[in-house]
Amino acid sequence: MSRNKNVFEKKKILIVDDSEINRALLSDMLSNEYEIIEAENGLEASAILHEQEQEISLMLLDIMMPVMDGFETLEVMNKNDWIKDIPVIMISAETVPAYIDRAYELGVQDYINRPFDEQTVRRRVVNTILLFSKQKELTHMVTNQIMEKENDNKLMIEILSNIVEFRNGESGLHVLHIRTLTEFFLKWLIEQGEYGLSQEDIYLICNASALHDIGKISIPTEVLNKPGRFTDEEYEIMKGHALEGARLLQDIPLRENEPLIQMGYQICRWHHERYDGRGYPDRLKGDEIPIAAQVVALADVYDALTSKRVYKAAYSHEKAVEMILNGECGVFNPVLMNCLRETSADLKEELARSEGQNFQEEALDAVEQMIESGEVEVSDRTFKLLEHERVKYKFFAELSQEIQFEYTVTPEMLILSEWGAKYLNMPETFLNPKTEAFATSVFAEGDFLHLLEKLENSTPDDPVIEEKYLLNINGHERWSKVIARSMWSSWEPPEFSGAIGKIVDIHDELEKMNHLQVMAAHDSLTGLLNHKTAKTQIEAILSRDTEKKYVLIVFDLDHFKQANDTYGHLFGDEVLKYVADIMKRNTRSFDIICRMGGDEFLLFMPYKDEMEPLVKRIFHLLCSQYKEFPISVSMGVADAKECGGDYDALFHMADKALYKVKRGGRNNYCFYKNELTGGDVQ
Amino acid sequence: MTVKECYEAIGADYDDVMGRLRKDERVQKFVLKLLDDKSYELLENSVASKDMSEAFRAAHTLKGVCQNLSLTPLFQSASELAERLRNAQDYSEDMEPLLEQVKKDYTHMIDCIRQLA
């Protein structure tokens with residue numbers, strides 16, 4: 001598995017051909033020295049490459065195949081960048097030049113015609129593998145050398161400029177600030193299309209900007225660090241640092257043609273020129289001053305203003321910008337003034353952000369940029385990191401005991417984690433997953449497509465989705481949560497390229513939750529709703545039913561305390577259950593029955609024309625006998641029509657009616673109707 | 001029957017295949033595999049169901065296999081058929097003699113190989 005190839009480990013060759021005889025023939029010729037993996041067509045090959053790209057040393061590819069032919073396979077390999085890592089030898093009877101040309105264009109290394117002979121096949125395979133690994137080794141070496149060189153360059157420049165600044169009594173941050181500012185201004189110029197600058201120019205100018213003051217190394221310390229104002233003579237000496245710096249760079253033996261030296265020369269010499277021609281040392285005017293020097297000059301002035309010096313305090317960002325724009329600190333290119341004006345707010349942020357960034361990071365950026373522009377290819381180190389990540393991923397995937405999956409759009413494939421595949425008793429790889437077992441038997445009809453749609457409709461900025469599905473896991477219906485993250489291409493506009501995700505079983509959790517919900521909504525003794533839940537349900541009805549032909553009844557059991565006192569609490573509980581059962585038996589499913597607490601109950605039910613018959617029926621049903629205990633109730637009734645949709649008001653009315661009954665000797669019912677009217681008791 | 005005799009009976013080029021595959025046992029092993037190869041069956045079925053692109057692929061595969069094993073007669077007739085079928089949309093009468101020839105060569109070849117088995 002490791003890329004550190006063991007000498008005793010056979011290299012792997014992938015043979016892709018639809019004819020079993022042809023595969024066997026090639027395999028027979030090569031299996032002594034190589035481990036052979038076979039694929040029947042391009043799609044199968046893609047699945048294998050997706051899994052084991054790093055382990056395959058060579059691919060032998062037929063052109064004419066069903067499902068996905070050789071050219072389509074090469075296109076997939078190009079799209080996924082596999083073609084850079086795996087050399088391909090085409091094997092075909094096709095001798096049409098157009099075919100061969102197309103194959104080479106798509107990146108194949110060699111082409112073997114049928115009928116092939118053993119010697120040719122073996123020789124070409126060996127050569128191609130050797131050549132390719134040699135190439136890889138070389139790019140790896142080059143990458144590392146560039147990386148080292150970049151680091152050395154930066155380091156040397158940093159040391160040099162630090163020496164200058166140290167002598168100058170500055171913090172050492174000046175050079176970093178200049179670099180950040182210079183980069184910032186140059187990026188704006190590129191955006192505006194001014195001066196035809198490129199990313200590489202930025203990189204060079206930023207590096208060279210660190211050298212702008214090296215000429216100060218030859219200025220006597222007493223002048224350089226004089227706290228007060230310079231005399232004219234001292235000022236002349238001070239001004240010499242520009243030419244001096246340029247001279248220092250020019251005199252570096254044999255290096256005068258290095259771009260960094262040339263750029264440094266421009267910046268050193270001309271970073272004190274003024275756009276109106278009144279600067280020094282050469283009194284250049286307008287765009288006679290190289291743009292690099294103009295930008296560094298602006299950066300220099302800005303940083304001088306915003307830094308504390310022996311002779312002055314630091315100005316704020318806003319003040320410094322204002323002073324420069326007002327022409328208080330020299331004359332600059334109007335384009336740059338525009339830049340400062342437009343980007344002032346961003347600049348402040350950028351400076352705050354760049355504090356604390358280090359150079360190593362930038363060196364990495366630079367190499368990364370080169371890799372992107374195709375100058376160097378990804379080094380072996382990166383492969384090792386990838387391999388490391390893969391091992392790590394696999395380990396955690398196994399540990400987590402979850403079904404994890406990976407979905408890719410081209411070629412369309414679904415790969416299950418090893419553990420997940422074992423658990424589901426399914427293969428790890430599905431080609432055309434939409435029609436395969438994972439999508440059709442694990443997911444209910446349409447659910448897998450729904451999941452894919454969700455993923456496709458997510459965005460690179462908000463790629464994570466969470467959905468609940470009732471899945472069929474090994475024949476059991478289980479509520480499961482699918483958490484997945486969509487993957488997008490790196491180019492603009494980003495293209496949906498697939499997703500990774502996992503399936504978490506939440507069935508037990510969900511059942512527990514449902515159970516808890518039921519428990520929370522009901523009174524444990526009688527199984528009736530509790531008051532809170534009843535209230536919520538009634539409020540919902542009141543808000544959606546405009547007619548409001550409902551009656552609210554609250555009642556309690558007369559002399560219930562006596563039942564408890566005389567026969568014990570257990571007996572009291574039995575009475576309450578008995579009353580609850582009467583109500584359960586004599587109400588309909590849409591009636592709301594609730595035990596509010598103690599011996600207090602509540603009923604909420606619709607009525608047709610008159611409330612009274614309904615209330616009367618309930619009242620008489622309740623007046624009964626449980627064992628030795630005669631049951632009678634006091635009942636307050638209110639009409640939902642009169643509450644204006646407000647449950648609390650309704651409850652209050654019924655409660656008031658109940659109170660009236662109690663005061664009137666209990667064992668009766670009473671309607672709240674503006675004034676209270678009593679019912680007749682029989 | 002030796003492999004060489006079998007090749008002679010088929011009218012195939014034994015020296016050529018030995019030059020490339022090197023070992024008599026290997027040639028024998030792969031020639032015998034032809035008894036299980038489904039390419040010819042696929043060709044017949046595709047023609048019957050008028051699936052010309054599938055028929056082309058089958059003929060092409062047959063051609064490739066025969067070429068690798070220097071089974072000259074079937075290689076030649078399968079090549080001619082494959083060229084006729086390349087990019088063909090529909091079945092047409094003039095394919096019939098080519099198909100007949102392939103059938104004849106295939107049947108004869110398989111008969112000979114059976115004697116080797």
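Helices are DSSP runs of H or I of at least four residues, numbered from the N terminus. In this predicted model, Glu183(A) has its place in helix 6 of chain A. Glu183(A) is buried, with 20 other C-beta atoms within 10 Å. A residue counts as buried at 20 or more such atoms. Leaving aside residues up to four places away in sequence, Glu183(A) touches Ile202(A) and Cys206(A). Ile202(A) lies 19 residues from Glu183(A) in sequence. In space, the C-alpha atoms of Glu183(A) and Ile202(A) are 6.3 Å apart.

Helix 6 of chain A covers residues 173-192. Its 20 residues should span 28 Å at 1.5 Å a residue. The end C-alpha atoms of helix 6 of chain A are 29 Å apart, which agrees. Of the 20 residues in helix 6 of chain A, 15 are buried, so this helix is largely enclosed by the rest of the structure. Gly193(A) follows helix 6 of chain A and has a positive phi, near 75°.

Chain A as a whole has 682 residues, and 32% of them are buried. The chain contains 24 helices and 19 strands. Among contacts in chain A with a separation of 6 or more, 58% join residues 24 or more positions apart.

Chain A also meets chain B. In this contact, 15 residues of chain A face 19 residues of chain B. Helix 2 (14-21), helix 3 and helix 5 (52-68) of chain B each supply at least two residues of the side that touches chain A. Helix 5 of chain B gives the largest share, eight residues. By class, the side of chain B that touches chain A has four nonpolar, eight polar and seven charged residues.

Helix 1 of chain A, residues 20-30, takes part in two helix pairs with chain B. Two packed helices are described by the angle between their axes and the distance between the axes. In one pair, the partner is helix 3 of chain B, residues 24-33. The axes come within 10 Å and cross at roughly 165°. Angles over 145 degrees count as roughly antiparallel. Helix 1 of chain A and helix 3 of chain B are therefore roughly antiparallel to each other. Their crossing is right-handed. Ile21(A), Ala24(A), Leu25(A) and Asp28(A) meet Arg26(B), Phe30(B) and Lys33(B).

From helix 5 of chain B, the contact residues include Met52(B), Phe56(B), Leu62(B) and Cys66(B). From helix 6 of chain B, they include Leu74(B), Phe75(B), Leu81(B) and Leu85(B). By class, this contact has twelve nonpolar, three polar and one charged residues.

Note on methods
Residues numbered from 1 in each chain as written. Chains lettered and ligands numbered in written order. Predicted model: local features only at pLDDT ≥ 70, side-chain atom pairs only at ≥ 80, totals over all residues. Axes fitted to C-alpha atoms, helices over the stretch in contact; angles between N-to-C directions. Parallel < 35°, antiparallel > 145°, perpendicular 65-115°, else oblique. Left-handed = near helix turned anticlockwise from the far one by under 90°. Contact = placed C-beta atoms within 7 Å. Nonpolar A, V, L, I, M, F, W, Y, C, P; charged D, E, K, R; others polar. Expected span 1.5 Å × (residues − 1). Buried ≥ 20, exposed ≤ 12 C-beta atoms within 10 Å, placed from the backbone.
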